Amino acid sequence: MSIRHGLLALLERGPRYGSQLRTEFESRTGSTWPLNVGQVYTTLNRLERDGMVAQGGEDAAGHTLYTITDSGRAELRTWFEKPVDRTSPARDELAIKLAMAVGAPSVDIRDVIQSQRRHTVKAMQDYTRLKAQALIAVESGGARERDDVAWLLVLEQLIFQTEAEARWLDHCESRLIRLSTTAADAGTGPDATAHPARKAPGAADGPDAGARPGADAVRSGTAPAETAPPAARRR
């Protein structure tokens with residue numbers, strides 16, 4: 001996440017002070033990626049050092065105001081125009097966890113997958129409810145309409161992301177079932193998958209076949225309603 005570019009985008013709308021930038025950043029993103037004031041001022045100091053922002057006096061309450069410079073505007077334009085680099089993906093804790101669980105002693109990777117699927121589906125349900133609220137706010141208009149639209153876009157990205165994760169978990173489970181069946185037929189044993197032979201209810205027999213208890217369960221309203229809610233919340 002580029003905090004520096006987010007702050008530059010807010011400063012392009014006019015001078016702001018640190019806690020104001022934090023509040024507006026969280027309002028625009030629905031507190032999905034909360035900031036603390038220390039992060040904001042550390043980033044502002046670096047931007048000032050790099051000539052992208054400058055201090056522009058104080059407001060009536062004595063807060064130090066920051067303004068964007070021409071160099072900062074040029075940096076912001078470049079950021080908006082340049083695609084986000086996907087050639088070096090960020091580390092994904094879930095992918096690493098499953099990779100390490102394969103063949104790990106006394107770890108049932110199927111239990112790991114099913115536990116994560118329940119959490120992912122619950123998160124998707126929560127995001128969908130928040131999306132409905134955001135749509136109502138957008139359609140009603142008002143002073144915060146720009147922030148409501150921005151929050152709606154963030155929510156829809158989170159929904160697509162969790163839906164993809166649920167489908168990937170279904171695929172992982174199907175892959176393990178198929179590999180364990182192949183290993184059993186060959187007489188080599190299911191050592192690579194750590195207890196893969198126990199087939200979960202509703203699990204598919206191939207990577208794209210059978211019931212999908214993740215993403216499709218949300219659409220049908222049959223997804224499990226347990227585990228903790230996601231961190232993203234509109235304040």
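Here are some questions and answers about this predicted model.

Residues are numbered from 1 along each chain as its sequence is written. Since this is a predicted model, local features need pLDDT of at least 70 and side-chain atom pairs count only at pLDDT 80 or more, while totals for chains, interfaces and linings use all residues, and side-chain values use heavy atoms, with hydrogens and water left out.

Q: How many helices and strands does the protein have?
A: Helices (H or I, at least four residues) and strands (E, at least two) are DSSP runs, numbered from the N terminus. Along the sequence they follow the pattern α-α-α-β-β-α-α-α-α-α. The total comes to eight helices and two strands.

Q: Which element has the lowest mean pLDDT?
A: pLDDT is the predictor's confidence in each residue, from 0 to 100. Over the protein the mean is 82, and 78% of the residues reach 70 or more. Strand β2 (residues 64–68) has the highest mean of the elements, 96, and the lowest, 50, belongs to helix α8.

Q: How many contacts beyond four places in sequence does the model have for residues 190–213?
A: Contact means heavy atoms within 4.5 Å. In this stretch pLDDT stays under 50, and the number of such contacts is 53.

Q: How are α1 and α2 oriented to each other?
A: Axes are lines fitted to C-alpha atoms, for helices over the stretch in contact, and angles run from 0 to 180 degrees between N-to-C directions. For α1 and α2 the angle is about 100 degrees, with the axes 10 Å apart. Angles under 35 degrees count as roughly parallel, over 145 as roughly antiparallel, 65 to 115 as roughly perpendicular and the rest as oblique. That is why α1 and α2 are roughly perpendicular.

Q: Which residues of α2 and α7 make the contact between these helices?
A: Helix α2 (residues 18–29) packs against helix α7 (residues 145–186) at about 55 degrees, with axes 6 Å apart. The two are therefore oblique to each other. On the α2 side you'll find S27, R28 and T29, and on the α7 side R146, D147, A150, W151 and V154.

Q: Is R129 buried, exposed or partly exposed?
A: R129 is found in helix α6 (residues 109–140). Its C-alpha atom is 9.9 Å from that of L155, 26 residues apart along the chain. With a relative accessible area of 46%, R129 is partly exposed.

Methods:
Buried < 20%, exposed > 50% of the residue type's maximum accessible area, 1.4 Å probe, protein only.
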